[in-house]
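My notes on how they are paired are set out as numbered points.

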Amino acid sequence: MLLWFTASFGLQAQVCEPISNGGFETNSGTNVFAGWDYYNGASNFSISTDMVHGGTSSMQAANPGTPNTYSLQVLAPAFPTVVGQQYTFKIWIKALNNNTTTIQFSRRDGSGNNENGYMTTGTISSQWTELSYVFTAQYTSTRITLNLGGTTANTYHLDDACVISPTVAPQACTSLTNGNFESVSAPNMFTGWSYLNGASNFSISNDMVHGGSSAMQAANPGMTNSFNVQVLAPAFPTVVGLQYTFKIWIKALNNNTNTIQFAKRDGSGGNENGYTTTGTIPDQWTELSYTFTAQYSNTRITINLGGATANTYYLDDACMVEPSIPAPTCLLSNGGFEQGSGNTFTDWSIFNVIAGVTVTQETAMVRSGSRAVNVSVGANGNSFQPQLLTPLISVVPGATYKFSVYAKSANSSTASIQMSTNNPSNIQQFSANLPVTINWTQVSAEFVANASTMRFVLNLGANANTYYLDDACLELVCTSTTHVAPAQSPIAAGKTKFLGNIYANHALPESEFIKYFNQVVSENNGKWGSIEGTRDVFNWTNIDIERQFALANNMPYRFHVLLWGSQQPAWLTGLSDEEQIDEILEWFKGVSEHFSGPNTLEYVEVVNEALNQPPIYAPALTSLNTTLGTTPSPYDWVVNAFKLARSYFPAETKLMINEYRIENESAFTNNYANIIALLKADNLVDVVGMQGHTFSTKRYGSGPFENVTANLAANLQTIADQCLPIMITEFDIEGNSYLNMSGQAIVGGTQAQKDSFQLAEYKRIFGLYWNHPSVVGITLWGWRNGMWQSTSEAYLFDQCTGLPRPALSVYLNDSIRNSNPPLDITCDPGFEVAYTFTIPDSLSPFGLQDPCSCGDTLNVFDDNGSVVLFHDYLLITGAEVGASVSITNTTNFFDAAGNPIPTPIIGTVDEFGQFRIEYYHPASVSATADVTVGNETQSFVGSSCEACLVIIPTMDQWGIIILLLLMSIVSVLVYKTSLIQKLGFTK
């Protein structure tokens with residue numbers, strides 16, 4: 001509901017927190033207020049210093065009389081919100097002309113998009129009046145639009161904007177063990193508390209207390225560091241990922257002189273982190289709060305009381321505010337055994353009662369209510385004699401359930417309960433023997449449902465004792481079943497771009513996969529170590545299943561990955577460069593031959609993470625520089641890897657490079673762009689991969705989201721400027737956080753908060769990539785619980801309800817399905833190439849090479865040893881096999897006798913995607929030609945080797961040279977011949 005009013009009287013006011021630069025006191029340029037954006041009519045806004053509500057300046061908006069309210073439009077800075085909660089935006093305003101015009105409010109997401117919730121005010125007074133705009137948040141970050149236009153001219157002054165957040169009832173603060181410092185275990189020692197540094201500075205105070213009869217006194221004599229006077233609170237049980245608040249009352253001897261510091265540790269007092277420094281401590285009792293997200297099942301709080309300035313502190317009444325966790329729903333009826341009469345219990349069955357065993361009602365020893373169960377076992381025996389059974393209960397097959405009961409034993413001798421299940425097919429599951437003590441304790445076990453109806457059983461006969469049972473419960477923990485609508489279809493079906501996913505256990509079953517995605521990649525089964533874990537033994541079983549799944553469903557398939565510094569065969573270590581090259585060639589040959597014919601791959605990742613995790617055999621690849629004609633560089637090994645791939649894989653297979661950290665780190669982006677440029681120079685790469693994992697795309701530091709998003713966009717454009725298709729190859733977004741009032745992402749929160757955060761991040765990050773014209777598709781790196789970012793809750797189905805989270809149901813399955821993203825890749829200046837992921841390009845791009853050298857023995861020399869004609873060749877690489885070649889309009893193409901070579905030169909691309917023509921040209925002169933492959937033509941400009949003099953040796957010198965050459969050639973001839981043959985360069 002949207003409301004507006006101009007004032008409120010007689011009501012208890014809530015705190016209205018100022019938004020960023022809500023007082024218009026910070027200017028970032030002429031007539032520009034920091035954080036505020038003018039969407040329309042920017043020239044009509046200015047800074048006012050004489051008409052203010054508070055401070056020294058306000059915003060002035062002059063409406064000259066415009067057609068629409070939005071013709072004069074300003075957007076407030078973003079502030080964090082919780083989806084579904086109600087907020088009130090307030091701002092003070094006055095008009096030059098009294099009560100002649102209205103203004104309009106609306107809300108947008110934190111990026112300034114998706115405007116909705118319009119509300120028009122009453123007429124604006126010529127006196128300062130506070131307006132209110134009440135709205136329900138739809139995003140984790142919200143911006144408010146003020147539309148100040150309209151057909152009637154007026155001038156407004158605006159000041160002191162703020163937001164009232166939802167009122168949250170105070171939570172109870174649970175006392176820590178000896179949090180009131182009333183229990184002393186030794187002189188100056190408080191039970192449960194530990195002094196880590198400066199123990200002699202701590203003592204017991206009986207006259208300066210906040211409550212009770214004693215407090216902790218800590219005297220800081222003036223220490224260098226805050227941790228030189230350090231005390232550690234007792235351990236407190238916590239749930240990992242949930243947010244807690246530690247509170248303690250404190251006063252200082254000297255008013256507002258020092259600060260103190262808090263941190264958190266695990267239950268043993270180790271792994272300190274999460275430091276927070278307070279404001280200065282007053283000389284009156286004040287309660288301090290330290291809010292943290294639990295990382296351990298038990299937590300201890302450090303209080304650092306040192307510092308360079310001497311002071312004395314008094315501490316008392318420490319407690320912990322625990323998060324509100326909804327009570328789970330109990331699926332059992334009569335779990336408290338209240339219904340029934342005598343020794344019967346409604347909905348429960350009693351089996352296998354033997355001599356010496358009784359099962360009766362209990363009315364004296366109960367945990368809650370008026371009845372419990374009494375089971376007396378006279379001697380040790382079989383656990384199933386006796387049994388207490390629930391009725392058949394409807395459950396979800398594959399889901400996990402927790403069966404529990406509160407139990408205590410009559411005496412301290414050994415006592416235990418075993419839990420089990422039974423389904424209509426008589427298939428049983430058993431827990432271990434669960435110990436029972438003389439105090440009421442909940443014992444429980446988790447079971448995975450193996451039928452649609454099951455019984456849950458308490459087995460009570462293993463140990464002689466008397467047992468009291470009460471408050472049994474069955475709770476749904478998590479369901480592995482996902483609820484997919486029958487009519488669900490692939491999100492990107494029919495679009496110019498694909499939305500894909502990995503083929504892995506946590507991305508299946510196949511019947512659900514094909515309802516959402518239309519591209520696939522193997523998560524692990526395509527890695528070299530997975531296929532050739534044993535040298536020369538190739539196991540294609542798993543990857544063949546995945547490849548055939550892609551073919552059967554007409555999905556483009558990406559092979560991941562040929563070369564990577566991880567998950568490679570361990571046996572490569574220790575091999576010589578020559579041996580490693582042999583193995584690389586066998587691996588490339590094996591993949592290309594296995595995936596050939598109708599099984600030919602659409603995409604192959606040749607190198608993964610060259611910047612972050614280069615392989616151990618990179619030097620071996622560098623050793624091929626001379627053989628492959630590669631210019632030495634830090635990443636020549638990458639170039640050589642792609643040259644090998646070009647020689648083995650057919651033209652219809654797109655060659656890819658892949659990397660991370662390039663999304664958010666500009667230095668890495670620029671290095672990656674340089675590698676791409678090297679590969680492009682020889683036409684070796686077809687598609688550029690950017691991984692897109694959450695750790696590279698999420699917000700870093702405390703800057704505004706707009707800056708972080710702008711950085712992602714700038715780095716994406718740097719790669720797009722390489723004029724190649726881009727694939728986002730391994731995308732995920734964390735979903736385990738929420739935004740606090742400072743706009744910081746905090747791990748934890750309610751499920752609604754975490755869902756809202758993930759949804760907002762999908763809109764911010766996924767949308768950035770999806771809508772860029774150079775991006776041909778996005779591959780998610782998993783979507784169900786169990787994916788490798790499960791600890792960050794990056795999955796898209798709620799792990800317990802089985803329902804799609806909003807990032808999937810609201811954004812991907814709705815907004816992206818209805819989107820029409822552009823696809824437009826400019827591959828070279830002057831060349832526009834339509835790119836499609838489903839059909840291979842009819843014409844493959846090709847590269848042109850032509851080295852020449854003074855040392856080439858086929859050069860034509862004069863009598864003085866000077867080169868008259870340089871021997872050279874034009875080599876076409878990476879072309880479509882069988883494509884026609886035509887070389888025309890040649891200049892400076894001669895044979896060895898100096899005669900022009902007749903044109904056109906006609907030929908066909910060979911099985912390696914190559915075509916070669918030899919020619920001669922004079923020194924310092926370039927040959928030129930038009931080269932056509934299929935229907936594509938490129939201009940060729942050859943080398944222009946500088947004139948040089950080659951000294952011709954005497955006959956004696958020739959003899960010595962020949963002898964030395966023979967000695968060196970013999971040592972490498974066999975390997976060199978083998979290598980050249982393997983590369984496919986033999987005639």
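The points below cover the basis of the model, then the disulfides one by one, then a further cysteine.

1. Basis. This is a predicted model, in which local features need pLDDT of at least 70 and side-chain atom pairs count only at pLDDT 80 or more, while totals for chains, interfaces and linings use all residues. Residues are numbered from 1 along each chain as its sequence is written, and side-chain values use heavy atoms, with hydrogens and water left out.

2. Disulfide count. How many disulfides does a search of the whole structure find? The search returns 3, a disulfide being a pair of cysteine sulfur atoms within 2.5 Å.

3. Cys-16 and Cys-162. The sulfur atoms of Cys-16 and Cys-162 sit 1.9 Å apart and form a disulfide. The link is right-handed, with 100° about the S-S bond. Cys-16 belongs to the segment before strand E1 (17–18) and Cys-162 to strand E14 (residues 154–164), so the bond ties together parts that are 146 residues apart in sequence. Strands (E, at least two residues) are DSSP runs, numbered from the N terminus.

4. Exposure of that pair. Cys-16 is partly exposed at 22% relative accessibility, whereas Cys-162 is buried at 8%. Here buried means under 20% relative accessible area, exposed means over 50%, and partly exposed is in between (1.4 Å probe, protein chains only).

5. Cys-173 and Cys-319. A disulfide also joins Cys-173 and Cys-319, with 1.9 Å between the sulfur atoms. This link is right-handed, at 95° about the S-S bond. Cys-173 is in strand E15 (residues 173–175) and Cys-319 is in strand E28 (residues 311–321), so parts 146 residues apart in sequence are tied together. Cys-173 has 28% relative accessibility and counts as partly exposed; Cys-319, with a relative accessible area of 9%, is buried.

6. Cys-330 and Cys-473. Cys-330 is joined to Cys-473 by a disulfide with an S to S distance of 2.3 Å. Where do the two cysteines lie? Cys-330 is in the loop between E28 and strand E29 (349–351), and Cys-473 is in strand E39 (residues 465–478), so the pair ties together parts that are 143 residues apart in sequence. The relative accessible area of Cys-330 is 32%, which makes this residue partly exposed. Cys-473 is buried, at 11%.

7. Cys-723. Is Cys-723 buried or exposed? With 19% relative accessibility, Cys-723 counts as buried.

Definitions and conventions. Helix = DSSP H or I, 4+ residues; strand = E, 2+ residues; numbered from the N terminus.
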